[in-house]
Amino acid sequence: MKKIIFKILKIIFIFIVSVLILYSAAFSIAGTYLIYKAYHFVMTPWKEMKNMVTENPAESVYMTQWRKLQREKGESDSISHIFIPLDSISKHLPDAVLAAEDDGFWVHPGFNPIAMLEAYQDNISAGKIKRGGSTITQQLAKNMFLTNEKSFDRKFRELAYTVLIEKYWGKKRILELYLNYAEWGPGIFGCE
């Protein structure tokens, strides 16, 4: 009887150890995969930020999306876009854009929680999206790197890009890129 109990206990022990080993291996693989994905989630925007400190892309993600939409509608996807350095832009244009779009641009850290909360409350009251609370930096992050998708994931990624943009580019570069990549009319991108 003792031998049978010992064999049963041995089988149970081997089973438990096997399950623990498989469990450890599975979580090790899953953990490694999650670390890999987190690394790419963080490093991709960081690399893009570093490159654009001095480089001007041919077009933004928004411009690419605009072209695609125009082709789908069977319309011309021609874009007018010539990059103009900030020091060659009339001083009055940035002042006017900041007054209309983001009067706290020079002092906020890239986002304005009060404006975001006010927009949220207005949209809840209206029962639809009536206005946004995005700063120029947030708009630039969305236009340069993200889609127009309306989701919390996209908004979260926009906030991450916004923080990186503010850290690596500085206010003058942000303003320069915004003025050069914002849509000013159908197919007209940039202030030139």
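A charge sits over a ring if NZ of Lys or CZ of Arg is within 6 Å of the ring centre and within 35 degrees of the ring normal. What we are looking at is a predicted model.

So, the lysines. K167 lies over the face of Y168, and the distance to the ring centre is 5.4 Å. K171 is placed over the face of F105, at 4.6 Å from the ring centre. Both distances are within the 6 Å of the definition.

Next, the core. The largest nonpolar core is made of 29 residues. Which residues have the most contacts inside this core? They are F145 and W169. Helix 6 gives the most, with ten residues. As general background, nonpolar side chains in soluble globular proteins tend to be buried together.

Let me stay with W169 for a moment. Leaving out residues up to four places away in sequence, W169 touches M49, M52 and V53, then L140 and F145, and also L164, I174 and L177. F145, then, is a contact of W169, and these are the two residues named for the most contacts inside the core.

F145 brings me to helix 5. How many of the ten residues of helix 5 are buried? Nine of them are, and the helix is mostly covered.

S60 is found in the loop between helix 1, residues 2-51, and helix 2. Is S60 buried or exposed? S60 counts as buried, because its relative accessibility is 1% and the cut-off for buried is under 20%. Not counting residues up to four places away in sequence, S60 touches N143, M144 and Y181. The side chain of S60 also reaches the backbone nitrogen of M63, at 3.1 Å.

For contrast, take another serine. S24 has its place in helix 1. At 45% relative accessibility, S24 counts as partly exposed. S24 and N143 are 119 residues apart along the chain, and their C-alpha atoms are separated by 43 Å. N143, by comparison, is touched by S60.

Now the aromatic pairs, of which the structure holds six. The one I want to show is W66 with F189, an edge-to-face pair with 5.9 Å centre to centre and 80 degrees between the planes. The pair links distant parts of the chain: W66 belongs to helix 2 and F189 to strand 2, residues 188-189, and the two are 123 residues apart. W66 is buried, at a relative accessible area of 13%. F189 is buried too, with a relative accessible area of 1%. Together with Y62, W66 and F189 form one aromatic cluster.

That leaves the salt bridges. The structure holds seven, and I will go through three of them. R67 and E59 meet through their side chains, at 2.9 Å from N to O. R67 counts as partly exposed, at 23% relative accessibility, and E59 as partly exposed, at 27%. The second bridge joins D77 and R71, with the closest N and O atoms 2.6 Å apart. D77 is partly exposed at 22% relative accessibility, and R71 is partly exposed at 48%.

Why are R173 and E176 separated by about one helical turn? Because they are three residues apart in helix 6. R173 is buried, and E176 is buried as well. There is also a network, in which salt bridges that share partners join R154, K155 and E158.

To recap the main places to look: W169 and F145 in the 29-residue core, S60 in the loop between helix 1 and helix 2, the cluster of Y62, W66 and F189, and the buried pair R173 and E176.

Conventions
Residues are numbered from 1 along each chain as its sequence is written. This is a predicted model: local features need pLDDT of at least 70, side-chain atom pairs count only at pLDDT 80 or more; totals for chains, interfaces and linings use all residues. Side-chain values use heavy atoms; hydrogens and water are left out. A nonpolar core is a set of buried Ala, Val, Leu, Ile, Met, Phe, Trp, Tyr and Cys residues joined through side-chain atoms within 4.5 Å. Buried means under 20% relative accessible area, exposed over 50%, partly exposed in between (1.4 Å probe, protein chains only). Helices (H or I, at least four residues) and strands (E, at least two) are DSSP runs, numbered from the N terminus. Contact means heavy atoms within 4.5 Å. Rings of Phe, Tyr and Trp (its six-membered ring) pair if their centres lie within 6.5 Å; planes under 30 degrees apart count as stacked, over 60 as edge-to-face and the rest as tilted. A salt bridge is a side-chain nitrogen of Lys or Arg within 4 Å of a carboxyl oxygen of Asp or Glu. A polar contact is a pair of N or O atoms within 3.5 Å; within protein, one must be able to donate a hydrogen and the other to accept it, and residues adjacent in sequence count only if both atoms are side-chain atoms.
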